[in-house]
Amino acid sequence: MRRSIPCLAFCLAVSVAVPAFAQSEETSPCRVDSGAWLSAHAEALDGFWLDETVLSTMDGMPMPLPAPEAAGIEWTGTALRLSVTEYDQTYDLALTERDFALDPPDGVDALDQDAIEVLLGCPVNDLPRFVGEGTHMRDGHTITRRLAAVLAATTEIHIWSVYTSPSFPTIVQQSVLNQ
C-alpha cells in the first residue's frame with residue numbers, strides 16, 4: 001500500500017513538460033542504492049539550476065505560473081540543499097525511503113503515477129526521493145513550505161511544494177529543475 005503525501009498528488013499534470021533524459025545504466029539513479037549513487041554523482045548535482053514551475057494552484061484553482069528562476073542545489077552528504085533566490089531561503093531535503101503515492105485526487109485532470117513513471121523511465125519509488133520543510137517571510141506573513149522531490153537524473157529534479165499560512169490560501173506547485 002502506498003503512503004500518501006497530502007496535497008502533493010494534485011500537482012502532477014505537468015510532468016509531460018520536461019521528459020526524462022535518456023541515461024546509461026551507469027549514470028541513472030533508477031533502482032540503485034540512492035545514498036551511494038548520490039555520493040558518486042554529488043559533483044554533477046552541485047550548482048545553479050533553472051527552477052520552472054509547471055503547475056500552480058491556489059485552493060485547488062489554477063493560478064498563473066511564476067517566471068522561471070535560479071535555484072542552487074548542493075548535496076551535503078545527507079541532504080539535497082535547495083537555495084531559492086526569490087525568498088533568500090534554504091531548504092534541506094532529506095533522503096527518504098518512504099514510498100511516494102503521486103496519484104491525483106478524484107476529479108482532478110492530472111497524470112497518475114503510472115503515467116509519470118513512463119515519462120521518467122523508472123518507477124518513482126525506485127528513484128532517490130527527498131522530503132523537507134521550511135518557512136520564509138513574504139509581505140510580512142510567515143509561510144510554511146513542505147516539499148517532496150524525486151531525482152530523475154543528474155540534470156532533472158521534480159519538486160512538489162505545498163505553501164500554507166494562517167493568512168493565505170493554500171498554494172500547491174510542481175516545479176522541474178534542470179541544470
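## Exercises on a predicted chain

C30 is buried at a relative accessible area of 13%, where buried stands for under 20% relative accessible area, exposed for over 50%, and partly exposed for what lies in between, with a 1.4 Å probe and protein chains only. The model is predicted, so that local features need pLDDT of at least 70 and side-chain atom pairs count only at pLDDT 80 or more, whereas totals for chains, interfaces and linings use all residues. Residues are numbered from 1 along each chain as its sequence is written, and side-chain values use heavy atoms, with hydrogens and water left out.

**Exercise 1. Describe the composition of the chain and the confidence of the model.**

Step 1. The protein chain holds two helices and nine strands, taken as DSSP runs (helices H or I of at least four residues, strands E of at least two) and numbered from the N terminus. Read from that terminus, the order of the elements is α-β-β-β-β-β-α-β-β-β-β.

Step 2. Of the 179 residues in the protein chain, 46% are buried. If one takes the contacts (heavy atoms within 4.5 Å) between residues at least 6 apart in sequence, 59% of them join residues at least 24 apart.

Step 3. The mean pLDDT, the predictor's confidence in each residue from 0 to 100, is 78 for the protein chain, and 79% of its residues reach 70 or more. Residues 1-25 have a pLDDT below 50, although this stretch has 79 contacts in the model beyond near neighbours in sequence. Where pLDDT is low, the predicted coordinates should not be read in detail.

**Exercise 2. Characterise the disulfide and place its two cysteines in the chain.**

Step 1. With the criterion of two cysteine sulfur atoms within 2.5 Å, the count is one disulfide. C30 and C122 form this link, with their sulfur atoms 1.9 Å apart.

Step 2. The angle about the S-S bond is 85 degrees, and the link of C30 and C122 is right-handed.

Step 3. C30 belongs to the segment before α1 (34-45) and C122 to the loop between α2 and β6 (129-138), so the pair links distant parts of the chain, 92 residues apart. C122 is buried as well, because its relative accessibility is 3%.

**Exercise 3. Classify the aromatic pair and say which elements it joins.**

Step 1. Rings of Phe, Tyr and Trp (its six-membered ring) pair if their centres lie within 6.5 Å, and planes under 30 degrees apart count as stacked, over 60 as edge-to-face and the rest as tilted. The structure holds one aromatic pair.

Step 2. The ring centres of W75 and F130 are 6.3 Å apart and their planes are at 70 degrees, so the pair is edge-to-face.

Step 3. Because W75 lies in strand β3 (residues 69-75) and F130 in strand β6, the pair ties together parts 55 residues apart in sequence. W75 is buried at 8% relative accessibility, and F130 is buried at 0%.
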